[in-house]
Amino acid sequence: MSRIGKKPVPIPAGVTASMDAGTLSMKGPKGELKMPMSDLISYEMKDEGLSVMPANGSKAARAFWGMQRTLVQNLVTGVTEGFTKVLEITGVGYRANAQGKMLKLQLGYSHDVDFAIPEGIEIKTPDNTTVEISGMDKQKVGQVAAEIRRWRKPEPYKGKGIKYRGEYIFRKEGKKK
């Protein structure tokens, strides 16, 4: 049995959940998010929140159970608080600057990298070596952060590149004399 799946997802005040035509939608202070409902899972509104249970005893239904509950929780968190990823840029001359709907990155290439900010994502640069990516959809925020990081992954010798805040870069030892 799924320990995560057993717990109902609490629906806070100010958030409304509705299920219709195979789609679960959450509406809150930050906006509205929708998710397709799986046929293997049954969703039920109760007093304590939204309950997620397997529709049958199949192995696939039990495997999806905890994940579907977590996806519903991500919808609730997204419409109330939102999600944020922070990238740190390390390297001489490496910098970032958010300008309208574009993020301009200088990463040691012969040209600047212009990254178009997708709809539903907000990017801030508090200083020129920090990039804050925020939005309602956890998957989209993580995907945008991964696409930006892909331009210059941290290298193992000096640690130059773009890394997530809190990420540890395993550094290789230099030559011994």
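**Note on a predicted single-chain model**

1. Pro-12 has a relative accessibility of 35% and therefore counts as partly exposed; that class runs between buried, under 20% relative accessible area, and exposed, over 50%, with a 1.4 Å probe and protein chains only. Pro-12 sits in the loop that joins helix H1 (3-6) to strand E1 (16-20). Helices (H or I, at least four residues) and strands (E, at least two) are DSSP runs numbered from the N terminus. Once neighbours within four places in sequence are set aside, Pro-12 is in contact with Val-76 and Thr-80, where contact means heavy atoms within 4.5 Å. Thr-80 is 68 residues from Pro-12 in sequence, yet their C-alpha atoms are 8.5 Å apart.

2. On the source: this is a predicted model, in which local features need pLDDT of at least 70 and side-chain atom pairs count only at pLDDT 80 or more, while totals for chains, interfaces and linings use all residues. Residues are numbered from 1 along each chain as its sequence is written, and side-chain values use heavy atoms, with hydrogens and water left out.

3. The chain holds three helices and 12 strands. Its radius of gyration is 21 Å, well over the 16 Å that the globule rule gives for 177 residues, so the chain is more spread out than a compact globule. That radius is taken over C-alpha atoms, and the rule is 2.2 Å times the number of residues to the power 0.38. Along the principal axes, the C-alpha atoms fill a box of roughly 65 × 45 × 25 Å.

4. Of the 177 residues, 34% are buried. Among contacts with a separation of 6 or more, 50% join residues 24 or more positions apart.

5. Which residues touch the most other members of the largest nonpolar core? They are Ile-89, Leu-103, Leu-105, Ile-123, Val-131, Ile-133 and Ile-148, in a core of 20 residues. Such a core is a set of buried Ala, Val, Leu, Ile, Met, Phe, Trp, Tyr and Cys residues joined through side-chain atoms within 4.5 Å. At least two residues each come from strands E6 (83-90), E8 (102-106), E9 (113-116), E10 (121-124) and E11 (130-135) and from helix H3 (138-149). H3 gives the most, with four residues. Apart from this core lies another, of 16 residues, including Tyr-43, Val-52, Leu-75 and Val-79.

6. Beyond four places in sequence, the contacts of Ile-89 include Tyr-94, Leu-105, Val-131 and Ile-162. Gln-106, in strand E8, is partly exposed at 26% relative accessibility. Gln-106 touches Gly-93, Tyr-94, Arg-95 and Asp-112, not counting residues up to four places away in sequence. Between Gln-106 and Tyr-94, 12 residues apart in sequence, the C-alpha distance is 5.3 Å.

7. Most residues other than glycine have a negative phi. The phi of Ala-21 is positive, near 55°. Ala-21 is exposed, with 79% relative accessible area.

8. Met-67 belongs to helix H2 (residues 59-80) and is partly exposed at 41% relative accessibility. Met-67 and Thr-84 are 17 residues apart in sequence and 21 Å apart in space, C-alpha to C-alpha.
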